[in-house]
Every structure is written in C-alpha cells, then in structure tokens.
Amino acid sequence: MEKGKSSQKKNYDKIAMWLINMECNFNCPYCFYNDKQRSLKTKVGDWVRNKISVINPYKTKVISPEQARPFFDATADRWWIIISGGEPFLYPNFIQLVKELSKRHLITIGTNLSLPVDEFIQEISPENIHSFYASLHLGERERQGSSAEEFLAKAVRLKKAGFKVEVNYVMYPPLIKRFKETYEKFKEQGIEVEAKVFRGEYQGKEYPQNYTDEERKMFYDLIPSEVDRAASFHNLSFKGVPCSAGMNLIRINPNGSITRCPHDHEKLGNIFTSKLNLHQKPKKCQVPYCKCTLAIKEGCVDFNKRK
Ligand code: SF4
Ligand code: SF4
C-alpha cells in the first residue's frame, strides 16, 4: 500500500488525553511517577490508592482494540487521541489498538522510543498519525546500554516512513551540558529537539528556580511556544475562568475512568462502559493550578486570562 505522510493539519472535533498505562521500561530520576519527585501529599494519595486498587485511576486496565473503537466511534466526532504513559509501546496489542483507532481518528503517541518501531511502520499509515512526541531521556537511555545515536536512527526511520517526529530533551541538571551537542547532531539529520524544563529537586536545589542565567539562555528559545515557556517557569492558574475542558477535551486514566482534565478530577465516564457525560458548555476552572498546556494551546481556556 502506498503510504502518505502525517497530517500537518489537526482536523479534529475533540481531544482525548489518554494516559494509557503506568508501566515503563525506563526509570528516569525526574519522572513524575518517581518517588523522589513526588510531594508528601501525592505520596499519601498513592498509599491510599494502592490500598484500594479498585478506585485507583492509575491501575492499568487493558482494553482491546475492538472494545476501544466503539467508545470513540459513538458519535460523529473525530477525536485527536493523545496517548501517553508510562511507555505506551508496552501496552498489550498497542499497535493493533492504534491501527484500529487511526482508521477514523487522529493519533499522537508520547514515547521514549526505546522499543522497536518496525512493525508500527509496516502496519500503520501515517496519514492519521499526527505525531510522535518522543523523549530522549539520555541518562536513563545510556544506563540501559542504548544511545542518542540509536534513538536518532529510529526517529529518522519514522520520519522517512512519513511520520512527524517531535523530540524533547529534559534539562535535568547533569544533562544540561550535553544538550547543545545533541541538538546539533539531531539538527544535521533534520530532527529538531525541544528543550523541556526539569521541575523538581536535584542535589538539594529546586528547579526550575535554580537554573543559572547561562543555562536558561542556552535553552529558553528552544521551548516551543509562549504557553510552554510560561508554564515551564510559573504556576499558571485559571481558577474561575471558563474552560471547555470537559466539553471538548477529556482525560482518560489507566483504569479507564474519564475526568475533565489531568488536574480537575470531576468524573465524566468510563471507557470500558462507553459512558461519557460531557459538559454542554464551558465551565469555570475549579482547581488552583493548570499545567495542561495542550488545553491552553488548543484554546480551551484563554491564556490571556491567566492569574
Ligand atoms: S520514560 Fe517517561 S514514564 Fe518512563 S520513567 Fe522516564 S519519564 Fe517516566
Ligand atoms: S484551565 Fe486547565 S486545570 Fe482548569 S479545567 Fe481547564 S484544563 Fe483543567
């Protein structure tokens, strides 16, 4: 079959941010799910959720491609399904799942790109794949015996097969000095690398507050948008501002439960029961902080109304 290219235009009606699993073959020290980077409040919440696993939204429950499709096909809407994890390529039947869903919907996959992609390239047409959002995680990759070169070769292979590949590099303090060289090596092969700030603690210092001016200068312009730059260095709040998350954006959790967005846990349904009660109009944001840059960039809430 003649294959096309990832669609440059995001023609969709609604967004589903699907955190598909928590399992990962990497163990990045800055991972949000890494114990060291979790606040006491979050750790207490984790402890309670682990005790009562039936209410734990982060407990992965596997859905089959045949079960998932009717949920997204229930209305005439075309979803932009943004799948992240954990590592989505570890999810059972992942390639078949993407194959089914991409027949009608637009897909983005957030991945560490450490697992083979040959079958994916063979099986899936890039036309309905909006992009790969691939994280380099250089330190952990090398700890596992792989390299930036191996990642780059895979990204180039995907690109040649017609897929759009966006690469990001977390500016974890010990990895900052290797950013420039990596950025240039990738650029030579036509792959742009975005900088992503590290938020958390390293050697007793809190980041991003403790980046030096020189460090910031090196990567600030390589954070892709004004929204990302603002959210990288500040806690954005839209509390009380109308937001259409819950109406045209949802978050699906690893156990299939559906909430308004990653921060507002108002329950809207469940993918396993194909139940979805969307808001009929935008509602005021109820939570103190919003890190959902996608919702902001896609116009769910007015960035200029941030507090
Ligand atoms: S690849 Fe992502 S999910 Fe996996 S450990 Fe690293 S940051 Fe966490
Ligand atoms: S403003 Fe952000 S946190 Fe608030 S509801 Fe919208 S997406 Fe969620």
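Predicted model: local features only at pLDDT ≥ 70, side-chain atom pairs only at ≥ 80, totals over all residues.
Biologist: How do you know that the length of helix α6 agrees with its number of residues?

Modeller: Helix α6 has 13 residues, 148-160, and at 1.5 Å a residue they should span 18 Å.

Biologist: Which residues of α6 are called buried, and what makes them so?

Modeller: They are F151, L152, K154, A155 and L158. A residue is called buried if 20 or more other C-beta atoms lie within 10 Å of its own, and these five residues of α6 are buried in that sense.

Biologist: What covers the buried residues of α6, and which exposed residues does the face turned away from them carry?

Modeller: The cover includes the helices α4 (118-123), α5 (138-143) and α7 (179-188), together with the strands β4 (129-135) and β5 (165-171). The face turned away from the buried side carries E149, A153 and K160, which are exposed.

Biologist: What makes β6 and β13 edge strands?

Modeller: The sheet is open and mixed in its pairing, with 10 strands in the order β6-β5-β4-β3-β2-β1-β10-β11-β12-β13. Each of the strands β6 (193-197) and β13 (275-276) pairs on one side only, and these are the edge strands.

Biologist: How do you know that β5 pairs with β6, and that β12 pairs with β13?

Modeller: Two strands pair if there are at least two bridges between them. There are 5 bridges between β5 and β6, which run parallel, and N168 stands opposite E194 in β6. There are 2 bridges between β12 and β13, which pair in the antiparallel sense, and here N270 is opposite K275 in β13. The hairpin of β12 and β13 has 4 residues between its strands, and S274 has a positive phi near 55 degrees.

Biologist: How many residues surround ligand 2, and which are the closest?

Modeller: Ligand 2 is surrounded by 14 residues, of which C243, C261, C285, C290 and A295 are the closest. By class, its shell holds 11 nonpolar, 1 polar and 2 charged residues.

Note on methods: Residues numbered from 1 in each chain as written. Chains lettered and ligands numbered in written order. Expected span 1.5 Å × (residues − 1). Buried ≥ 20, exposed ≤ 12 C-beta atoms within 10 Å, placed from the backbone. Contact = placed C-beta atoms within 7 Å. Near = placed C-beta within 6 Å. Nonpolar A, V, L, I, M, F, W, Y, C, P; charged D, E, K, R; others polar.
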